[in-house]
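Visitor: Hi! I'm new to this one and would like a friendly tour. Could you show it to me?

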Amino acid sequence: MATSKGKNETVTLIDNISGKRVDLPVLNGTIGPKVIDIRRLYAETGFFTYDPGYTATGSTESRITYIDGDKGVLLHRGYAIEDLAEKSDFMEVCYLLLKGELPTKEQKTRFEHDISRHTMVHEQLNFFFRGFRRDAHPMAIMCGVVGALSAFYHDSTDITDPRQRMIASYRLVAKMPTIAAMAYKYSIGQPFMYPRNDLKFAENFLYMMFGVPCEEYKVNPVLAKAMDRIFILHADHEQNASTSTVRMAGSTGANPFACIAAGIASLWGPAHGGANEAVLKMLGEIGDKKHIKAYLARVKDKKDGTMLMGFGHRVYKNYDPRAKVMQKTCYEVLDALKIKNEPLLDLAMELEQIALNDNYFVDRKLYPNVDFYSGIILKAMGFPTSMFTVLFAVARTVGWISQWSELIDDKEQKIGRPRQLYTGAEPRKFVPISKRT
Ligand code: SDX
């Protein structure tokens with residue numbers, strides 16, 4: 001589906017040694033930088049491109065999410081994240097990401113109803129949890145259990161059938177909170193809580209996390225609202241590492257449950273979704289405002305290998321717009337919980353201010369990202385640190401599955417198969433073991 005509106009612009013590439021030249025088409029998106037279409041490059045010149053980490057490579061065309069990293073802009077289907085976080089709710093954002101438009105009232109009611117009918121997991125799945133150690137990291141459990149869904153829902157793994165794809169998408173969005181809460185309950189030895197379909201998405205999640213069967217549990221509406229907003233802020237983010245992993249897995253024709261399990265594994269790393277957990281560990285390690293300068297000195301010392309977690313971003317060279325909303329949400333949550341002084345928040349804000357005025361971070365355009373404040377809120381809400389990345393996965397599932405769906409519909413997509421710059425040994429003769437020295 002690669003589109004190029006307007007003039008037939010090209011870029012000419014000239015090999016300075018052979019003088020050979022090739023004209024490469026330039027593609028224009030709706031907004032954002034122009035893109036050089038290099039698909040014919042190897043066939044016509046014999047050259048590959050080299051771009052570790054894909055810093056200058058667009059792997060796909062997409063209509064879902066747009067980021068202007070210099071201006072700190074994030075749009076889902078054209079709508080600003082600030083508007084969605086303030087005026088919408090997670091179910092509406094899910095509908096928007098999956099279907100391209102905001103729902104009408106009737107469409108929303110229907111969608112919420114349909115999602116709520118998929119919140120339970122197959123009863124047999126409960127036994128999977130028992131195979132894990134009680135001290136297993138919940139992300140390890142998520143990788144295993146979500147991957148196992150493909151063994152249970154055979155009627156939604158045929159990726160050539162749009163209806164099965166849709167059912168798989170709904171199942172994944174609906175079951176992730178249930179599985180996440182089960183992973184937590186298992187770790188603390190409490191019984192699993194069945195979902196309650198009369199509750200809203202975020203409310204039901206908090207109920208399954210913190211309720212127990214022996215007494216009534218009333219979810220604090222301020223916390224439910226905050227949870228919903230945190231889900232919105234994490235819902236999608238263009239071609240990040242985990243989404244690209246989902247797309248790569250999807251490009252082979254793997255079923256959606258397997259693809260999302262791959263995304264969860266990719267999200268786990270501390271450079272990506274694991275950063276929210278790492279931020280709290282870092283704040284704990286710094287311990288006190290008086291140690292900030294010494295910690296930053298370690299961060300700036302390249303030999304030390306310490307990073308300022310929750311800071312920096314491949315795309316944002318300005319404030320991550322989600323971090324701003326997250327900071328505001330942090331105050332609301334602390335207020336609702338009547339926490340007057342949260343030393344971690346004070347420490348984080350002081351750390352942010354010092355870093356934002358330090359030439360190391362200014363020169364490299366390093367700003368707080370979505371993970372910087374989220375951990376403080378989640379901790380105040382009662383989530384253990386090990387669950388932070390799980391919550392990211394719960395929210396990101398809709399983004400992953402929307403991007404996966406787009407990939408399946410995209411006739412231009414092929415199996416993901418990058419090439420390489422080979423720097424290993426040249427061809428050589430096999431030496432029998434008896435003659436090796
Ligand atoms: C997420 O991509 C997405 O969209 C991801 C995400 C999403 O919603 O899906 O937004 C979620 O993953 C947020 C990022 C969470 N990770 C962290 O908070 C971990 C800390 N951040 C860094 O590891 C880093 O900033 C990355 C991984 C986020 C981005 O890495 P890049 O784009 O490869 O940047 P880089 O490593 O090339 O950095 C450029 C320079 C380097 O210094 P020099 O070699 O030029 O001297 O900035 C330095 C880096 O060493 N640098 C940092 C730093 N981040 C970058 N130095 C100290 N602390 C940091 N956090």
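Predicted model: local features only at pLDDT ≥ 70, side-chain atom pairs only at ≥ 80, totals over all residues.

Visitor: Great, thanks. How many residues surround the ligand, and which are the closest?

Guide: The ligand is surrounded by 24 residues, and the closest are His237, Lys302, His313, Arg322 and Arg396. A residue counts as near if one of its heavy atoms lies within 4 Å of the molecule.

Visitor: What kinds of residues are in that shell?

Guide: There are 11 nonpolar, seven polar and six charged residues around the ligand. Here Ala, Val, Leu, Ile, Met, Phe, Trp, Tyr, Cys and Pro count as nonpolar, Asp, Glu, Lys and Arg as charged, and the others, Gly among them, as polar.

Visitor: And which polar atoms sit by the ligand's oxygen atoms?

Guide: Asparagine 369 has a polar side-chain atom 2.9 Å from an oxygen atom of the ligand. For histidine 237, a side-chain N or O atom is 2.6 Å from a ligand oxygen, and for lysine 302 the value is 2.7 Å. A polar contact is a pair of N or O atoms within 3.5 Å.

Visitor: How much of the ligand's accessible area does the protein cover?

Guide: The protein covers 74% of the 1100 Å² that the ligand has on its own. Accessible areas come from the Shrake-Rupley method with a 1.4 Å probe.

Visitor: Changing topic: how much space lies in the second largest pocket?

Guide: About 300 Å³, where a volume is the space filled by probe spheres set on the grid points. On a 1 Å grid over the protein atoms alone, using a 1.4 Å probe, a pocket is an open set of points with protein on both sides within 12 Å along at least five of seven lines; lining residues have an atom within 4 Å of a point.

Visitor: Which residues line that pocket closest to its centre?

Guide: Of the 16 lining residues, Leu98, Ser402, Ser405, Glu406 and Asp409 are the closest to the centre. Seven of the lining residues are nonpolar, three polar and six charged.

Visitor: Which helix gives the most to the lining?

Guide: H7 does, with five residues. Helices H3 (90-99), H7 (162-188) and H18 (388-409) each supply at least two. Helices (H or I, at least four residues) and strands (E, at least two) are DSSP runs, numbered from the N terminus.

Visitor: Now the sheets. In what order do S4, S5 and S6 come?

Guide: They form an open antiparallel sheet in the order S4-S5-S6. Strand S4 (65-68) and strand S6 (79-80) each have a single partner strand, so one side of each is left without a neighbour in the sheet. Two strands pair if DSSP finds at least two bridges between them.

Visitor: What's between S4 and S5?

Guide: Their hairpin has four residues between the strands, and glycine 72 takes a positive phi near 70°. Four bridges join S4 to S5 (residues 73-76), and aspartate 68 has valine 73 as its bridge partner.

Visitor: And how many bridges join S1 to S2?

Guide: Five, with S1 (residues 10-14) and S2 (residues 21-27) running antiparallel. One of the partners is leucine 24 in S2, for valine 11.

Terms used: Residues numbered from 1 in each chain as written. Heavy atoms only, no water. Polar contact = N/O pair within 3.5 Å; in protein donor to acceptor, adjacent residues only side chain to side chain.
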